Each structure stands twice: as C-alpha cells, then as structure tokens.
Amino acid sequence: MLLVLATSPGFQLSDAFFAFVLAAILLLFGRLIRQNLRILRQLYIPSSIMAGFLALLLGPQVLGQLMGADSPLAEGVFSANIRQVWQQSPGVFINVVFATLFLGEILPAPRDIWRKASPQVAFGQTLAWGQYVVGLLLGLLVLTPVFGLSPIAGTLIEIGFEGGHGTAAGMAETLTELGFPEGGDLALGLATIGIVSGIVSGILLANWGRRKGLIRSARLEPDTGSEVYGVTPEHPDMVAARERLTSDLLVDPISINLGFVGLAVAVGWLILEALKVLERVTWGGENGLTVLGYIPLFPMALVGGIVVQLLLRRLRLEALVMRSLMERIGGVALDITIITALASISLTALGENLVPFALLALLGITWNVLAFMYLAPRMLPDFWFERGIGDVGQSMGVTATGILLLRMVDPQNRSGGFESFAYKQLFFEPIVGGGLFTAAAPVLVVQLGAVGTLLLTGALLLFWLAFGLLVTGRRRRRSLPEA
C-alpha cells in the first residue's frame, strides 16, 4: 500500500486518510514498545512519543539515508504526500486541543480566571522575555562579532522555542526581507531541537521531582468519583436535560460534540480575521507593520470555545455538550499532534550553522531549566512543580509539549494545573509564543537596534520578575504553614 501511495500523482484525500491510519498503527506499535521496555515506563514516556519517533526513524531522514539513494526505500516507507499531511497536522490539530479546553466546563468569573492564571502568566512571561534577553546578549557578544550573523539572531530562541515550527515557518519571509535569510532555517532548527529537548529535559525534571518528593499532587488521595483532569460526575438534571434535547435528533452524541468543536474553531478564526482586518485599516496598511497576521489560530480557538460555551449557556443548551467526550476528542487530537510533530522534525536543519545553532539552543535550554528550578518555586503559589513544568514544556517546544509534561506529572489533574495552564493562554499567546511581540521583535531589532531591543525586553523581564516574586510569590508565602 505504501509503495503504491509513493507513486501516485498529486495529492488525494486518500493520502490524508491513510496518513492518520498509519499514525494510529504507529501508536499501537509505540504502545507495544513502551510496554516491553522498562526504561520507557520508568521515564513515563507516552506511547505517542514512541510512535512519533518510529515515524521519524522509518522516514527518509533515517531509513532513507541508511538504504541509499538507489534503494526503493530511499524516501523511507511513507509517501511524500503522507509526510506532507503529517507536516501540516500539528498546526491543525492543536486548534482542536484548545477548542475543547472549555467546552462543557462551568466557566468561572473573569476575576477567578485571573486569580488562577496570574501566577502562570507571570512565570510564562518571565520565561519568554528571558529568552529574548539571553538571546540578544549572545548575539551582541558572540554571534554577530564572531560569526557575522545578523543581530536579529538574538530573537530566534523565542521564535523557535516559544513560537514553534508554525511561527518559525511564518517568520521566514519576514526574516528574509529584513536581510537575514538564514534566520528561517535557524528558527526551524531551534523549533526542532526545542521539541526534543523540551520532552527530554521535562522527563528528566519529572523524575528528579519524583525522587525529591516535589510533586505534591502525587501525595493526594485519588478522587475515584472524578475522571482525568477533574471532570466530576454529571448532575442528574444535566443528564435528563441532554436526553430531552437529543431524543429526536437521530445523531450520535460525538457528532454533535464535534460540531461544537468545529464551531469553536470557526468563531476563533473569525475573531482572528477581524483582528487582521483591523490591522490592515490602521497601522498595517501599505508599507505598514504586520504583526497580527502572525498570531496562531489556536489561542483564538480557545476564545472561540469560551464564546460557544457562554452562548450555549445563554440559550440553555449547555447539556448538549458532554465534557467527557470533549476530553476524549481533545486527547485524540493531542496524540495526533505529538506523533506528527515528531515525525516531521527536520534533522537536516540541525547541521546548518551548527556552532551558532548549538550556542542558541544550549543557552535557551539552560535559561528555561534554571528558571524552572529557581524561579518557579518562588513565583507559583501552589503545586509549583506541576504548574511550572507545563510552562517549561511550552517554552522549549510547543504548547502540546507543555500539556504532555503536565499530564506526565499529574495525570489526574489533582493540582488544578491544567486549568491554570489553559487560562494562561488568554494572557500569553496574543503577546509572545507566536503572538504580537514575536512577530514584531525582528523588526524592532532593525528599527531600535539590538541594544535598544535588549533594553526593552530587559525592562519587561524585570517587570514580570517583580510581579511574580512580589505579588504571586507572596501568595505562596502566605499559604505556607508556619514552622
């Protein structure tokens, strides 16, 4: 079947179908490998990661290189169209993950959202602005004077680590226009190593935390009456209302819930497009500055899910949404995101500009790990390890990596860190991690210079450090029992 697909002309819908069939089969093999290798179970490596690495090993970058250019397996065992589907899948399915976060949930008041999210916002923003500061310092002291790279190179840690592959690819044209054409390749390479290092360092930190007894949620009694991530049993009135609303619809419940997921994504897309139109008619007109165009869809999909949930509640139709099904839909989308992201890692990009790339990657990883170990305990009031490791995963790879590490250390969400992590995106993604400042940073380096941009990002880093240590950190000190 694979060889037939490899020779088929053009892209067909069957390619997408078989791409996800193969991803599902790889997940089964990943599960089998994980169950038979004790070290993988000890490291809490999920089956989806094993499936992604299997796809990478069987592709053209590993198996194809080993077999040689004249071999029938020179392109691996997967067709080019299959690989193209996988390459585009992470940026698509992460929207589904975020669209499901609040569908079926009882949304708290805005004040409660900020109370839960503000420590995560402070720590996440500190990680992001710190990446700019250490990157720009490295550029000013080493990359530009020694290797002759553009000062824009100092922004690549945040673009590649926080922004991920989608942001790195989207910024490539802008970087070329700014006279830094190799910046796109470096950013993609950093995004690639960011995913791998985020998972590996996250696993190492998770096991370190278990040995040190830092994962407080593991010591809590399991709540047998709730499902994963704090989904409590539904009230009988909600079940009765759902049966009344769906009695004559003649449609499967999962189809209805998928429809609401699609509606949430559509609402998020409309919001994003409206922001882009606003930009074009204001500061982003002809020869203007384009920044909103680089905001990814998934934070807007999260907003769309909130809007849909509020609308359903207003219309008294919230019973149509089953939170347990939303959990399953989001879980499947997350597995696909992880598998296809790992399968699409570009090993070739790692070999280009090797020394500058290695310095950027090493400094970025060091900053994130040290910030987690020394700042997270002082900035996050409760369950600092569980909540902080999610931010570290996001800051070194993609949002899915953060969710993965959070699930790894707290699979039943006893800490409540998943909700805090999700709420944080409302105050985080529109600015950094692929948001406004991420898109504007290279332009600011050109307009303000590397020193000016360093001063700006340094001031923002100090602000969030002060806010985290003096405001949210004070909550932690008040909550600690007296000796």
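**Salt bridges and nonpolar cores in a predicted model**

Arg323 forms a salt bridge with Glu327, with 3.4 Å between the closest N and O atoms. A salt bridge here is a side-chain nitrogen of Lys or Arg within 4 Å of a carboxyl oxygen of Asp or Glu. The structure is a predicted model: local features need pLDDT of at least 70, side-chain atom pairs count only at pLDDT 80 or more, and totals for chains, interfaces and linings use all residues. Residues are numbered from 1 along each chain as its sequence is written, and side-chain values use heavy atoms, leaving out hydrogens and water.

Confidence is given as pLDDT, the predictor's score for each residue from 0 to 100. The protein averages 81, and 82% of the residues score at least 70.

The whole structure holds four salt bridges. Arg323 is buried at 8% relative accessible area, and Glu327 is buried at 12%. Buried means under 20%, exposed over 50%, and partly exposed in between (1.4 Å probe, protein chains only). Lys424 and Asp391 form another bridge, at 2.6 Å from N to O. This pair ties together parts that are 33 residues apart in sequence. Lys424 is buried at 1% and Asp391 at 2%.

The largest nonpolar core has 111 residues. Such a core is a set of buried Ala, Val, Leu, Ile, Met, Phe, Trp, Tyr and Cys residues joined through side-chain atoms within 4.5 Å. Phe123 is among the members that touch the most others. Beyond four places in sequence, Phe123 is in contact (heavy atoms within 4.5 Å) with residues including Phe372, Met379 and Asp391. A second, separate core of 14 residues includes Leu22 and Trp86.

Terms used:
Helices (H or I, at least four residues) and strands (E, at least two) are DSSP runs, numbered from the N terminus.
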